[in-house]
Amino acid sequence: MVRLTGHRSLSGTYGFVEMFCNDERCDCRRAFIQVLVDVSPRLGDNRPLATISFGWEDESFYRKWASFPLSNEELAELKGPALGIGCSATAAAT
Ligand SMILES: [Zn+2]
């Protein structure tokens, strides 16, 4: 948990929840970190502010893993850190 202060629109308490893809048939070797803001349950809304993915294998692994030729943008989404496509990332996370 991280408390950020001194910035009017970003001040708050942030929680980070790590998840790993555990589908043996997928084997994408990526972690997903949900960023939650103001994680106190009494605040109700715990939808993630953003989801960060991280693929820890090298470029050749993800090119082999994909069933189609990857563009540079697709490769950047898989390898290393990236804001997840289709996740509820907001302007604050970009
Ligand atoms: Zn996977």
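**Strand pairing in the predicted model**

Gln 34 stands opposite Thr 51 in β4, where strands are DSSP runs (E, at least two residues), numbered from the N terminus. The structure is a predicted model, in which local features need pLDDT of at least 70 and side-chain atom pairs count only at pLDDT 80 or more, whereas totals for chains, interfaces and linings use all residues. Residues are numbered from 1 along each chain as its sequence is written.

The pairing that contains Gln 34 and Thr 51 is that of β3 with strand β4 (residues 50–55), which is antiparallel and extends over six bridges; two strands are taken to pair if DSSP finds at least two bridges between them. On the β2 side, β3 is again paired in the antiparallel sense, here over seven bridges, and Tyr 14 stands opposite Val 37 in β3. Strand β1 (residues 2–4) runs antiparallel to β2 and is joined to it by three bridges, with Leu 4 opposite Gly 12 in β2. In general, strands of a sheet pair through backbone hydrogen bonds, in either a parallel or an antiparallel arrangement.

Together, five strands form an open sheet in the order β1-β2-β3-β4-β5, with antiparallel pairing. Because β1 and β5 (80–83) stand at the edges and each has a single partner strand, one side of each is left without a neighbour in the sheet. Neighbouring strands of this sheet are turned against each other by 25 degrees on average, direction ignored, the axes being lines fitted to C-alpha atoms and angles running from 0 to 180 degrees between N-to-C directions.

Of the contacts between residues at least 6 apart in sequence, 40% join residues at least 24 apart, a contact being counted if the C-beta atoms of two residues, placed from the backbone, lie within 7 Å.

Buried residues make up 11% of the 94 residues in the protein; a residue is buried if 20 or more other C-beta atoms, placed from the backbone, lie within 10 Å of its own, exposed if 12 or fewer do, and partly exposed in between. Cys 26, which lies in the loop between β2 (12–20) and β3 (30–37), is exposed because 10 other C-beta atoms lie within 10 Å. The C-alpha atoms of Cys 26 and Trp 65 are separated by 8.8 Å, although these residues are 39 residues apart along the chain.

Conventions. Helix = DSSP H or I, 4+ residues; strand = E, 2+ residues; numbered from the N terminus.
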